[in-house]
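Thanks for coming, everyone. I have one structure for you this morning. Please have a look at it while I talk.

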Number of protein chains: 2
Amino acid sequence: MQHRLTIKAGQKTTEGFADGNATILEALRVLGQAGPEAPCGGAGLCGKCRVLATGSLSAPDERERAVLSAVELASGIRLACRARIQGEVGIEMNEAGEASILSTGIAVEAKLDPPAFALSFKVPAPELETQTDDETRFLSCLESALAVRKGGSAPADRNGGADTRIGKPKLAILASLPGLLRKDGGLLTAVVAGNEVVSVRSGNGSSAQYGVGVDIGTTTVVCYLLDLLTGKRLGVRSGLNAQRGFGADVISRIQHTIEKPEGLSVLQGLVSGQISGLVRDLAADAGIDPADIASVCIAGNSTMLHLLAGVAPAAIASAPFIPGFTGRLTLRAAELGLDSTPNAAAILLPSVSGYVGADIVAGIMAVGMADRDERALFIDIGTNGEMAFGGKSGLLCCSTAAGPAFEGAVMERGSGGIGGAVDSVWVSGGSIGYSTIGSLPAIGLCGSGIIDALAAFLDLGLIDDTGRILDADEAGSLAPETAALRGESESGVRLYVDRERDLYLSQADVREAQLAKAAMAAGIDVLAKRAGVSLADIDRVYLAGGFGSFIDSASAVRIGLLPAEVGDRIVVAGNTSGAGAAACCLSAARLAECDRVRAACSYVELSASAEFNDAYIERMMFPEGKRVPEAT
Amino acid sequence: MQHRLTIKAGQKTTEGFADGNATILEALRVLGQAGPEAPCGGAGLCGKCRVLATGSLSAPDERERAVLSAVELASGIRLACRARIQGEVGIEMNEAGEASILSTGIAVEAKLDPPAFALSFKVPAPELETQTDDETRFLSCLESALAVRKGGSAPADRNGGADTRIGKPKLAILASLPGLLRKDGGLLTAVVAGNEVVSVRSGNGSSAQYGVGVDIGTTTVVCYLLDLLTGKRLGVRSGLNAQRGFGADVISRIQHTIEKPEGLSVLQGLVSGQISGLVRDLAADAGIDPADIASVCIAGNSTMLHLLAGVAPAAIASAPFIPGFTGRLTLRAAELGLDSTPNAAAILLPSVSGYVGADIVAGIMAVGMADRDERALFIDIGTNGEMAFGGKSGLLCCSTAAGPAFEGAVMERGSGGIGGAVDSVWVSGGSIGYSTIGSLPAIGLCGSGIIDALAAFLDLGLIDDTGRILDADEAGSLAPETAALRGESESGVRLYVDRERDLYLSQADVREAQLAKAAMAAGIDVLAKRAGVSLADIDRVYLAGGFGSFIDSASAVRIGLLPAEVGDRIVVAGNTSGAGAAACCLSAARLAECDRVRAACSYVELSASAEFNDAYIERMMFPEGKRVPEAT
């Protein structure tokens, strides 16, 4: 018997039929659909083939229950390799080949009401009798167009409505008006953000208009192209942060701005040039004119936003770690050197502090935890480990000096989340299996691969609970295929993920990860304690991160990055910073929500906290208990 | 018997004693005081020794009643050469050697409350626990300082009071904060205008602070230095407009911006460089640091303000004569290239239209006519002839194409109002006498000299009522000393003011002046008619102008520039544009009044008006009646 299958991949929806009792993965293959990646071949081990499925499906089997969290299961997340079709079924998955902004389970709902947009209107020729100047005629016509756009009628005069009142344009705009008003019959396109006119150009440029959501990670820069008229996502482009040559972490970048007089402007130019290029590529991919991009909403950690804005971040690097600004900034994109879209509004999302940046604020907004009556934990495991705890009634947040261990940068064979990075590692028959991004030949381990590999080596008993890699004698007592993963070099002992490709974790790598996970876990302990909530009472954990792929929550628990108590309540939320930035492009309400999140966040400084130091030491050991029961 | 004499010259007050029945001029000479200029030697002819005198004085004699208007007499204006001291007397006069901003009789009263000022305050070092960013700490401290300045106490938080709330600083200011807050213990000086922070610098810069009032005339640029803490005027500097090489009138300047791609920026650079230089000189004269100049308030005609702002004025030059902007602009002085005071607030005063500029708005504000229940006429005889009619209940304004005749620029022996310019001419024993600015050797005739000379030649009968200079035969019938003023050259007939120095009016000059005065008089006719007021019912005429010296009202009536009906109601108000700009530096209320004047002004366009053309032709002839009865 055949069952109807509705498949939503990214913005594309297709329909087809599937044989009864086929797995979703099988059905997709029959239909010629690019399904989710399934690097473990459908063994239910790697957990990469997550889809959101609704309708008549087999009950989750043992593998799914082991790999997926209770929340994920409750949200309808299934493994495509295990869930079998038993009636009409709907499937949602990320578009093949794209980095995922929104992992399964998290979708930012946003009413389409862009906070910055293009508005086209005509300014009638002036009259001899009334002598109304260019600025006044321009503002009147703009405000009328705005009122009509907002669903009202054009006001009789410029005192029409407070919400359509536009502020005094900047001198540069004023200076452009005499020329623009006398071209094309006075047909203009203005980009408006709030009550501010950001730019003006000649002609009609609002019948197609786009936004770009940007996440500037210390490691990776990701840009999402959005259609501001339909809300659809049209593409995504990403790259390793062009500033990486100046250090893997924010401190090295800041150091460069302190040491070199031109350092700030060099780093500013690198990131703005990179975003410009990504935006240009996105426009080319989608076949649109970059001039039609009306807004660029930018999230990122505080240092990244300072570098983009050209505001010296030096004071972020040393106590008391004070940023120049944390509030939202609205600029003309050209002011930031975003040359591919000079006329767009550039909105830098608000931050909380020097180490709880707009990436966290956007992420908290994106997962919606500030809206709900729950005790939720938000964790961004990036170059630093930032986290927030709370819900509707308020938020506590902090940043742990987790270091860039999990972004792969400081690991001997680490890698950013790019094609060929090992993003998933699992135990397979006493040895290990792994997958890479894009199924390309492995080039290094990205964050999720490092965490998985640590979990796998812990599960295999090659690392003890103090973080020590077993010596040759000890390893000899393990199964030969397990012991074979251990190797030695001049620089010390190693555990190989792929000996042939020289991919391994060294003892130093393990220590690096161990310190990072201890800091992260201690941060969670402090926030929960401050909030007066026991770990077991945490309702939900949102795991965000700028990794190319996503952390496996079971691995995170296995290595002690996350407490075991929350193991079944983890939602892997992906790049919430990028998702939040993209949502802000589409929705003024979402942007306003970022301001509310910022205001609701109470910052907890850990650097001088005895409480944190105690927890940090307590969390240094690796916990017991295997990641995933071995396949039966 | 001796009487006490109090002498106020500019900002300086001195006291002394005078013999009973001495003239004021004699008393000042005895006291060694630099008295007013008296080029006619105390004959009561030139009217240059006007002073404001109060106390026991002789009644105005016949000469004073002939030379001074009824309004001037009522205001206490006297001729120093005629008024005799009969008891305790107070005298006010302009400082010797200065161009006068406020002529006798007109004083702009302004409560000292500068709209832009410097505010110094300390931003405490940030704390680890609160993590307040630089921008927020800066704004909190600025707003507290503002509240204290306004006489309140510092608000508890940034929501303290709406009137002390400062808007989002510009990116450049934001970018400067991290550095500035970590210098000098966080001691800063911000320049604030309205709710905007214009600039920030390190250190205490508010214990001395200054403002500059600027009048940019097409011919002359004048800058007044003011002490923002005492309200005192500390100095004045002026020069011929540096753009003069690009034409004497606004149209030639605009033409240059149309013809040359770099024209606008060249003219912009010239005027901003000139103002910068004048400000630098003023600061040097007064021995102050130009960095302590917190505000520069700028009046000028619309074209001059467009050129300064770098906004293309092309559309002002041809119908329908539309300016890019007319509203008030507040900028950082550096945005205009005012390099000697980059951190000052630059406030461009509001205009009404392309030909009724901020000079007129500031002038109307300065004379206070929009505040009073009267039917007043305001006339600015500069490169164009702009005028306004009305009072508290509303204003009509217009601009006549008077041309630059009265600024001396198109006259064969014309001159700007500079040292050596003939500024006053009178009939003396059938021939003429004259004075020059600064009593320097005569170099040419400035506007007031031209009008006086015309009046004198009309009085002497050398020009008939059609504007024709008598031929040799006709002149032969006049007194020999009168006829001797007539001369001829290859280019035509001339009337000499000083044959030895080759100073004269040619027939072409007379025609130029005749056309200009007809346009001016016709403008007055149209405004009065539109307002439904007969000329005889006009209560007061304010005569403003950017001349180095001032027009003699009797001469203006004599040549028909002003109707005879208002001859006794003329107040020679001097450079009201500069006086207005200076007053706006000192008083936010005065600045706000400019906005109100702008809103109250209804513009009457004359260029396509049959009514104006009729009046223009009617006013072409020179009227009859001598200027001043000859001395008895």
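This is a predicted model: local features need pLDDT of at least 70, side-chain atom pairs count only at pLDDT 80 or more; totals for chains, interfaces and linings use all residues.

Let's start with chain A. It has 17 helices and 26 strands. How much of chain A is buried? Of its 632 residues, 59% are buried. The chain exposes about 22,200 Å². Carbon and sulfur atoms supply 50% of that area. Now contacts along the chain. Take the contacts in chain A between residues at least 6 apart in sequence. Of those, 67% join residues at least 24 apart.

Next, a sheet in chain A. Here is some background first. Strands of a sheet pair through backbone hydrogen bonds, and the pairing is either parallel or antiparallel. This sheet is open and has six strands. Read the order with me: β25-β24-β15-β16-β17-β26. The pairing is mixed. Which strands sit at the edges? They are β25, residues 570-574, and β26, residues 601-603, of chain A. Each of these pairs on one side only. On average, neighbouring strands here are turned by 20 degrees against each other, ignoring direction.

Let's zoom in on one pair. Strand β24 of chain A covers residues 540-544. Four bridges join β24(A) to β25(A), and the two run parallel.

Helix α13 of chain A, residues 507-531, lies across β15, β16 and β17 of chain A. Relative to β17(A), α13(A) runs at about 155 degrees.

Over to chain B for another sheet. This one is open too, with three strands in the order β21-β22-β23. Its pairing is antiparallel. The edge strands are β21, residues 486-489, and β23, residues 503-506, of chain B. Neighbouring strands in this sheet are turned by 40 degrees against each other on average, direction ignored. What joins β21(B) to β22(B)? They pair in the antiparallel sense over four bridges. Strand β22(B) spans residues 492-498. Find B:Ser489, and opposite it you'll see B:Gly492 in β22(B).

There is a helix here as well. Helix α14 of chain B, residues 507-531, lies across β22 and β23 of chain B. Its angle to β23(B) is about 65 degrees.

Now two helices packed together. In general, such a pair is described by the angle between the axes and the distance between them. Back in chain A, take helix α4, residues 134-149, and helix α5, residues 171-180. Their axes come within 9 Å and cross at roughly 90 degrees. So α4(A) and α5(A) are roughly perpendicular to each other. Which residues meet? From α4(A) we have A:Asp134, A:Glu135 and A:Phe138. From α5(A) we have A:Leu174, A:Leu177 and A:Pro178. By class, this contact has four nonpolar, no polar and two charged residues.

Last stop: B:Val597, in helix α17 of chain B, residues 588-600. Buried or exposed? B:Val597 has a relative accessible area of 1%, so it is buried. What surrounds it? Leave aside neighbours within four places in sequence. Then B:Val597 is in contact with B:Val361, B:Ile364, B:Met365, B:Ala370 and B:Leu395.

Conventions: Residues are numbered from 1 along each chain as its sequence is written. Chains are lettered from A and ligands numbered from 1 in the order in which they are written. Side-chain values use heavy atoms; hydrogens and water are left out. Axes are lines fitted to C-alpha atoms, for helices over the stretch in contact, and angles run from 0 to 180 degrees between N-to-C directions. Angles under 35 degrees count as roughly parallel, over 145 as roughly antiparallel, 65 to 115 as roughly perpendicular and the rest as oblique. Contact means heavy atoms within 4.5 Å. Ala, Val, Leu, Ile, Met, Phe, Trp, Tyr, Cys and Pro count as nonpolar, Asp, Glu, Lys and Arg as charged, and the others, Gly among them, as polar. Two strands pair if DSSP finds at least two bridges between them. Buried means under 20% relative accessible area, exposed over 50%, partly exposed in between (1.4 Å probe, protein chains only). Accessible areas come from the Shrake-Rupley method with a 1.4 Å probe; for residues, only the protein chains shown count as cover.
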